[in-house]
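Please look over the sequence and the model before reading on.

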Amino acid sequence: MDNNPSILSHVSIGTNDFERAIAFYDAVLPTLGCKRLMEHPGAIAYGKQYPEFWVGTPFDGQPATVGNGTHIGFIALTKEAVHAFYEAALAAGGKDEGAPGGRPDYSEPYYGCFVRDLDGHKIEAAFWDEQLEQELNQNND
């Protein structure tokens, strides 16, 4: 039986300044318990146990571009981790796209933040408050 809850193998984003992008993600992803897991010329993979998030120069040699409407959401285990991710991203040169906080239009249990990395990719750290979700479900019964 497959116990992996994920539907994705990995996600890759391109960069036009590899060393700068790696310095950014080396500073930001440890706030969520992630680390470098694999390295190849022009590409580095991060994850907790598996290489799930890759940053690299595009294979075709063309400039990396940002997808309009695309963002990468990372799991945060606490609200504090959301704040640490946000603060580390801004300190490493990222741009604010939405400070840490609840987004009731997403759902009451959602708590997260959004930033742009140095290449303009939109990234998110999201905490899902399961205790609040249970309380809300109990109140609706």
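Is G98 buried or exposed? G98 is buried, because its relative accessible area is 14%, where buried means under 20% relative accessible area, exposed over 50% and partly exposed in between, with a 1.4 Å probe and protein chains only. Before going further, note that this is a predicted model, in which local features need pLDDT of at least 70, side-chain atom pairs count only at pLDDT 80 or more, and totals for chains, interfaces and linings use all residues. Residues are numbered from 1 along each chain as its sequence is written, and side-chain values use heavy atoms, with hydrogens and water left out.

G98 belongs to strand β6, which covers residues 95–102; helices here are DSSP runs of H or I with at least four residues, strands are runs of E with at least two, and both are numbered from the N terminus. When residues up to four places away in sequence are not counted, G98 touches Y86, R103, C113 and F114, contact being defined as heavy atoms within 4.5 Å.

Another buried residue is I123, whose relative accessible area is 0% and whose place is in strand β8, residues 122–128. Apart from neighbours within four places in sequence, I123 is in contact with F24, Y25, I72, F74, F85, C113, F114 and V115. I123 and E97 lie 26 residues apart in sequence, and their C-alpha atoms are 8.9 Å apart in space.

The protein chain as a whole has three helices and eight strands, and these follow one another along the sequence in the pattern β-α-β-β-β-β-α-β-β-β-α. Of its 141 residues, 36% are buried, and the C-alpha trace spans about 55 × 40 × 25 Å along its principal axes.

Turning to the helices, two packed helices are described by the angle between their axes and the distance between the axes. Helix α1, residues 18–28, packs against helix α2, residues 79–91, at an angle of about 150 degrees, and their axes are 8 Å apart; axes are lines fitted to C-alpha atoms, for helices over the stretch in contact, and angles run from 0 to 180 degrees between N-to-C directions. Helix α1 is therefore roughly antiparallel to α2, a description that applies to angles over 145 degrees, while those under 35 count as roughly parallel, 65 to 115 as roughly perpendicular and the rest as oblique. On the α1 side the contact is made by F24, A27 and V28, and on the α2 side by F85, A88 and A89. Sorted by class, this contact has six nonpolar, no polar and no charged residues, with Ala, Val, Leu, Ile, Met, Phe, Trp, Tyr, Cys and Pro counted as nonpolar, Asp, Glu, Lys and Arg as charged, and the others, Gly among them, as polar.

Two further residues of helix α1 are D26 and E19. D26 is partly exposed, with a relative accessible area of 30%, and, leaving aside neighbours within four places in sequence, D26 is in contact with R36 and Y46. E19 is exposed, with a relative accessible area of 58%, and its C-alpha atom is separated by 37 Å from that of D105, which is 86 residues away along the chain.
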